[in-house]
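Welcome! Please take a look at the sequence and the structure shown here, and keep them open as you read.

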Amino acid sequence: MPGPDPAHRVVGGLPVHPVCHVQAGAGAGMVPGAAGVALQNRRGLGRAGGLVLEPGRAPHSQHHRVPRITFTRDGRYMALAERRDCKDHVSVFVCSDWQLLRHFDTETQDLAGIEWAPNGCVLAVWDTCLEYKVLLYSLDGRLLSAYCAYEWSLGVKSVAWSPSSQFLAVGSYDGKVRILNHVTWKMITEFGHPATINNPKIVVYKEAEKNPRLALGRLAFPPPRAAAGPASTTESKYEIASAPVSLQTLKPIADRANPKIGIGALAFSPDNYFLATRNDSVPNAVWIWDIQKLRLFVVLEQLSPVRFFQWDPQQPRLAICTGGGKVYLWSPAGCVSVQVPGEGDFQVLSLCWHFSGDSLALLSKDHFCLCFLETEERVGTTFGRPGDHT
């Protein structure tokens, strides 16, 4: 007879399950982990400060970045998505004493994600991609509004609140972003992502190589280590393209799951002025929208598909990475491409801003690099040396 699954042990009479998601709270020491389980035991937090979890359905383990645990910005409340008796539920806890404040079922078939508004007054809940449904709940569990853009097609792919809580951006599989307002929760506009930019008033920055690639086959000596990787052989710059501009598109494979279509990423700038989006069928482009005028402002087209982008927490400055040896910065004043120094091929797969906006952590598969942005008195960008995760 086979033994018990080593990934699911029992410690002190309680089952222990592998952690698949961690969400940090605003208060010190609040870092609960979410295994692929539902919260069934409400004996609160133990001395170790962890929620007691019991086996249940693994909620959408293929979407690791979609939140099923979310804190209000002030750290007062935590919402947890659950699945029990074949129905979706949300539990709201008071973080000061971890008492259950509200528990209610949601009108979803297979809940995909939840996210508090920055003001902590409204909780956005969205359904599986097979059902286009966005639900807005109050803190006491009342359903404020339900939004559905269309039916009988793949639905919601990404959701983001504006920092002011006035707008909710919903990215869909049809390649459009729909902006809902906080008064009526109705759509005020939608942003399409066409493959061709015809408006000459829209600035299109295209990344271009500064120097041609080294003809390594013609060299009689082996190339240096720093030039061995394809991302390290050339520097790049941005050029302003003249309209009309055709962007590189990706034809999705129809017979595979999770097709590369729709709005895969979106984020508001900290001052509410801009919204950055990525359409997965146009993988090399980042679209930046003017939220005050509700129109497209800038498009950045990279040489490689965009892996990740994030706004500076203190000002409208966007950092972008494409999995190569460069990091890209955009602000209303312009954009720049910066090569990461160091030996070998440092591939930037993700990045994270410090809350002060003065530095960036650049992450590769096995290393990280700290990027320090100098002050106005000393204009420039300085990078730390890559180092192992220890």
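This is a predicted model: local features need pLDDT of at least 70, side-chain atom pairs count only at pLDDT 80 or more; totals for chains, interfaces and linings use all residues.

Residues are numbered from 1 along each chain as its sequence is written, and side-chain values use heavy atoms, with hydrogens and water left out.

**Nonpolar cores**
- A nonpolar core is a set of buried Ala, Val, Leu, Ile, Met, Phe, Trp, Tyr and Cys residues joined through side-chain atoms within 4.5 Å; buried means under 20% relative accessible area, exposed over 50%, and partly exposed in between (1.4 Å probe, protein chains only).
- The largest nonpolar core has 22 residues, and Val177 and Trp287 are among those with the most contacts inside it.
- A second, separate core has 18 residues, including Trp126 and Trp161.

**Histidine 193**
- You will find histidine 193 in the loop between β16 (187–192) and β17 (196–197); strands are DSSP runs (E, at least two residues), numbered from the N terminus.
- Histidine 193 counts as buried because its relative accessibility is 9%.
- A polar atom of the histidine 193 side chain lies 3.0 Å from the backbone oxygen of glycine 175.

**Isoleucine 261**
- Isoleucine 261 counts as partly exposed because its relative accessibility is 22%.
- The C-alpha atoms of isoleucine 261 and serine 172 are separated by 9.0 Å, with the two residues 89 residues apart along the chain.

Note on methods. Helices (H or I, at least four residues) and strands (E, at least two) are DSSP runs, numbered from the N terminus. A polar contact is a pair of N or O atoms within 3.5 Å; within protein, one must be able to donate a hydrogen and the other to accept it, and residues adjacent in sequence count only if both atoms are side-chain atoms.
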